[in-house]
Amino acid sequence: MSKSNKNQKSITSFFKSPAQSATNESAAPKSKSSPITETKEIKNENEISKLPSASPSPGPAPAPVPSANLILSPKKPTVVVCSSNQIPPTYETEWINLSDRFLLTNRNFDVQYAHLYAERLGAMRKLVMKSAENRWNSKIPIKKMNDLILDEECILIGILFKQMILKPSIVKQLATEHGFNLQPPRQRYVDSTDKLILEEESQRIVLDGNIDINQFVTGIVMAVHGYEDDKGVFIVKDYCFKDLSIPKQLSPLKEDKFILFASGFLLSETSIIFNQLEYLVNSLTQPTNIQSEQIKFILSNSIRFIVAGNLIESSTRLKDSTNQAKYLTRKMTASSVEAMHSIDELFDKIATITDIDIMPGVNDPSCHMLPQQPLHPCMFPSSSKRKTTHCLTNPYDFQIGDIRFLGTSGQNLDDIDLQSTIDNRVQILENCLKWCAIAPTCPDTLSCYPYVKNDPFIINDTPNVFFAGNQPKFETRVFQGSNDIQVRLLCIPYFAQSNSCIALNLRTLECCEISFQNEIPQIIQ
Amino acid sequence: MVGSSSIKKRKNNNDNTSIVDKQNVVDNSKTNSTVKKISEKDLEVLKQFDLDMTFGPCTGIPRIDRYERALRHDLDPPTHVLELINLYPNDRQVTHCIWRDYTL
């Protein structure tokens, strides 16, 4: 099957801000390979709709498919499917947005989630097979489940499903009388009776043996090495996941440049952090007033400010006012409106000095399903007028210079924390990287769009920095993988609790936490 | 004499079989490729493609999408299925799976 270049978007997303569409066009000439079928689909879309394409098609015509001509489904493509491979930057600190695969141009909810799982397994199967062959003796056969022979040592590849009785289930809820909850919401759904089941297209098998059930969640594609015992359970001796792709060799920057991360402002009427926000803005806009040399240097050399979600408090989403009659609530404005207004003022001041990237979080007025679409620029009337404000998707994939970043607003980590006993949040981040999945629990317990043709949550290109916002505290670590892979893992704390931002040095990829609790910013050691 | 022949014509129009013929006539005028109806043997090939679990779930997506997914994952789907889909692009029996009339 030959591959070809991809054509770019022909339908601009409704939520794309003018700043974002400009940068997307600059990122348009992506060269790498891509499945031929998706290219043809977008080309067909160009013929059907008479809309002018957002960017000209750069690549050559796709090579012919073997045998008959493919007549393609004339439906609008759900996702702008384009390569997410890295692009060589034109200057050292150029920002390139690679999150196009998270933008939804069409919403089709008439499909089931089984297709997403089939796509995930199908796309990762060959790569997992390769890493299984590298890891274990190549004489051990890789089998399909219907070919299993009792007590024969073999390797199976499939997608994991974790059966948990404590997991909230709508079926159980409806089965009880009056439909009330069987149990109060828990902190963790882990139980001693949980089971791990490996699933393929047609069969599944229970796993046991050298595998810790509490360290895994649903949705991980893995290879297991072991044998089937007489009870029909697969006894695992060892397991592995897809190997991480080797990221591009980083050439260190000549000067120190910093990226600031913040998340979880959680603004509402009852917020008490307005003073701290004031200190933050003053420190950024007038760094010369700061006494500490180190902080002055960091803030004056910051090139980007990334807000990783949860701008407003979840209580602003309460539905009490919407359930009341219209005449009672006519004069009331939703508290989220006030909160967004104050956020806008804050971002306006920050946007005067540095580029600001805004990612939606679980509390924000964007869609609930992952991938969350960019917040509409009409919610930021003053800050969206500036070219330095960018509204982006959650998860967010981008590069600055040669450094590749990938991050979310934290819902994926929170969900994995519910389903497993992994104590350390950075460990969960590391596990997500090892599993090559941004959010493996999608769509099982974390709501997600029913993709059919691709799974955008698979980590194909290893990032250099992998971050997650809205975590209980600041934690960071460097993940050392095989083949000299090093990834900086970063958990960004809630600003509402810790009153601090994280500064990442692009030259050394080291982080430090700057606290704005008092008027004088301090670095927390 | 004239009256009785016109009554006969009306009776023919009320016959159920003529409706099917009318449908076929409409199809022929719209497309060039749907010259004839698809044979039972070919429908069986398509049905077996749907029920084959190696290519993943079949409900809710057109057959061409499932075929493209099978190609993408190197599962070697039968090319005859692709030819059939391309021969009858307007026949819903061919383009959509056997569960097409059932909702999610």
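**Asking why: buried, bridged and paired residues**

Biologist: Why does A:Asp444 count as partly exposed?

Modeller: A:Asp444 has a relative accessibility of 28%. Buried means under 20% relative accessible area, exposed over 50% and partly exposed in between (1.4 Å probe, protein chains only). So A:Asp444 is partly exposed. This is a predicted model, where local features need pLDDT of at least 70, side-chain atom pairs need 80 or more, and totals for chains, interfaces and linings use all residues. Residues are numbered from 1 along each chain as its sequence is written, chains are lettered from A and ligands numbered from 1 in written order, and side-chain values use heavy atoms, without hydrogens and water.

Biologist: What makes A:Asp444 and A:Lys167 a salt bridge?

Modeller: Their closest N and O atoms are 2.9 Å apart. The term asks for a side-chain nitrogen of Lys or Arg within 4 Å of a carboxyl oxygen of Asp or Glu. The pair therefore qualifies. A:Asp444 sits in the loop between α11 and β14 of chain A, and A:Lys167 in the loop between β3 and α4 of chain A, 277 residues apart. Helices (H or I, at least four residues) and strands (E, at least two) are DSSP runs, numbered from the N terminus.

Biologist: Is A:Lys167 buried or exposed?

Modeller: A:Lys167 has a relative accessible area of 14%, so the residue is buried.

Biologist: Which side chain does A:Arg120 meet in a salt bridge?

Modeller: A:Arg120 meets A:Asp455, at 2.7 Å from N to O. A:Arg120 lies in helix α3 (residues 114–135) of chain A, and A:Asp455 in the loop between α11 (425–434) and β14, 335 residues away. A:Arg120 has 3% relative accessibility, so this residue counts as buried. A:Asp455 is at 8% and is buried too. Over all chains, the structure holds 29 salt bridges.

Biologist: What makes the pair of B:Asp65 and A:Lys453 one that joins two chains?

Modeller: The side chains form a salt bridge at 2.9 Å, N to O. B:Asp65 belongs to helix α4 of chain B, while A:Lys453 lies in the loop between α11 and β14 of chain A, so two chains are joined. B:Asp65 is buried, at 12%.

Biologist: Why is helix α4 (residues 63–72) of chain B called largely enclosed?

Modeller: 10 of its 10 residues are buried, so the rest of the structure largely encloses this helix. Among them are B:Tyr67 and B:Leu71. Just after α4(B), B:Asp74 takes a positive phi of about 55 degrees.

Biologist: Why is the ring pair of A:Phe261 and A:Phe467 called tilted?

Modeller: The centres are 4.9 Å apart and the planes stand at 55 degrees. Rings of Phe, Tyr and Trp (its six-membered ring) pair if their centres lie within 6.5 Å; planes under 30 degrees apart are stacked, over 60 edge-to-face and the rest tilted. So this pair is tilted. A:Phe261 is in strand β8 (residues 258–262) and A:Phe467 in strand β14 (residues 465–471) of chain A, so the pair ties together parts 206 residues apart in sequence. A:Phe261 is buried, at 0%, and A:Phe467 is buried, at 0%.

Biologist: How do you know that A:Met145 counts as buried?

Modeller: A:Met145 has 6% relative accessibility, so it counts as buried. A:Met145 is in the loop between β2 (142–143) and β3 (154–163) of chain A.

Biologist: Why is A:Ile170 called exposed?

Modeller: The relative accessible area of A:Ile170 is 55%, so this residue is exposed. A:Ile170 lies in helix α4 (residues 170–175) of chain A.
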